[in-house]
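Thanks for coming, everyone. Let me put the structure on the screen, and then we'll walk through it.

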Amino acid sequence: MQTELSRVYVGSKEISVTDKTLHISYPVLIQYPTSRPSTITAFGPYTMDVSTDAEIIEGHFPLIIISHGNGGSHLLYRSISTHLAKNGYIVAMPEHYGNNRSNNHLENTNENLLNRPRHISLTIDELLACEEFRKSISAERIAVIGNSMGGYTALALAGGVPRTKEGEIVKASADARIKAVVLLAPGAGWFMNSLDKVTIPIFMLTAEHDPITPGWNADIVLNSVPDKSQVKWRQVKNAGHFSFLSPFPSAMRNPNFPPATDPVGFDRDEFHNELPNEILQFLNDKLL
């Protein structure tokens, strides 16, 4: 298998998904295994070693959707997405409408709580209907990776019943097609004692120094999921909330840009040499 993987590169394609009910659209970056050699390609201020618009190699591959954090970007998980694609996964990264780096007008709204899971389900719908990818997706092997607010999104899709700060139930729709979730510093505060319908495998990583989604968020997951054996959890020593984002270019690393900063002594570059493979091993175990 290693010999085969040495000849696999990462393909990359950008699409737009339309929500015909809400009359909005949002971009999705897709990465996947290809046989066409890759080149260093710019995506805004970031670069990835990909082959743009290359054909996907023949086969049936699991589908992974990555949900970014509040006010974040779908481009912030490059180390994870490219590693998964290189190792036989189709990875789709939507930029959540109204809750991203460029347009965050839905932050802290009930509408955002409803829309985020919907974005993921619509992305899955689009890819399963898309002529280019539907023949290559193994529809019974779909998982979601969610970071911070993306962790909320993943838990809602897995069957969690979210509530507003006022205690009102949010009628977010679960998606039974999702067979496992990976939670990175998840925002779980919307699920106080309401994860009893979550029965799929969970891999959760939290940060030791995280004032944004502190330890009680992990406790909600650990204490509320009915089958504790379904949850694999590790606290990353000395990590901060933003340590799960791919390392930023050197020009963006400064104390005035919190997403690029980590606790003193934490090496994000080294961590992201290990994190993608740890996620890959979990997904291989649960989906292959």
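First, a term. Two strands pair if DSSP finds at least two bridges between them. Strands here are DSSP runs of E with at least two residues, helices are runs of H or I with at least four residues, and both are numbered from the N terminus. This is a predicted model, where local features need pLDDT of at least 70, side-chain atom pairs count only at pLDDT 80 or more, and totals for chains, interfaces and linings use all residues. Residues are numbered from 1 along each chain as its sequence is written, and side-chain values use heavy atoms, with hydrogens and water left out.

Let's start with strand β2, residues 24-34. On one side, β2 pairs with β6, residues 90-94, in the antiparallel sense over four bridges. There, L29 has M93 as its bridge partner. β2 also pairs with β1, residues 9-19, again antiparallel, over eleven bridges. Look at the partners: E14 with L29, I15 with V28, and V17 with Y26. Four residues sit between the strands of this hairpin, and H23 takes a positive phi near 60°.

Is β2 covered or open? Mostly covered: nine of its eleven residues are buried. Buried means under 20% relative accessible area, exposed means over 50%, and partly exposed is in between, using a 1.4 Å probe and protein chains only.

Now β1 again. Two bridges join β1 to β4, residues 46-52, and these strands run parallel. G11 has S51 as its bridge partner in β4.

Zoom out to the whole sheet. Ten strands form an open sheet with mixed pairing, in the order β3-β4-β1-β2-β6-β5-β7-β8-β9-β10. Its edge strands are β3 (39-43) and β10 (231-240), each pairing on one side only. Neighbouring strands are turned by 30° against each other on average, direction ignored. Axes are lines fitted to C-alpha atoms, for helices over the stretch in contact, and angles run from 0 to 180 degrees between N-to-C directions.

Helix α6, residues 268-287, lies across β5, β7, β8, β9 and β10. The helix runs at about 160° to β8. Contact means heavy atoms within 4.5 Å.

On to the cores. A nonpolar core is a set of buried Ala, Val, Leu, Ile, Met, Phe, Trp, Tyr and Cys residues joined through side-chain atoms within 4.5 Å. Which residues touch the most other members of the largest core? They are I90, V181, I202 and V221, out of 45 residues. Helix α4, residues 149-157, supplies the largest share, six residues. A second, separate core has 40 residues, including V50, A239, F271 and L283.

Back to I90. Leaving aside neighbours within four places in sequence, its contacts include I30, Y32, F61, L63 and F133.

Last, the pocket. On a 1 Å grid over the protein atoms alone, a pocket is an open set of points where a 1.4 Å probe fits, with protein on both sides within 12 Å along at least five of seven lines; lining residues have an atom within 4 Å of a point. The largest pocket is lined by 35 residues, and N70, E107, S148, M149 and I212 lie nearest its centre. Helix α3 gives the most to this lining, with three residues.
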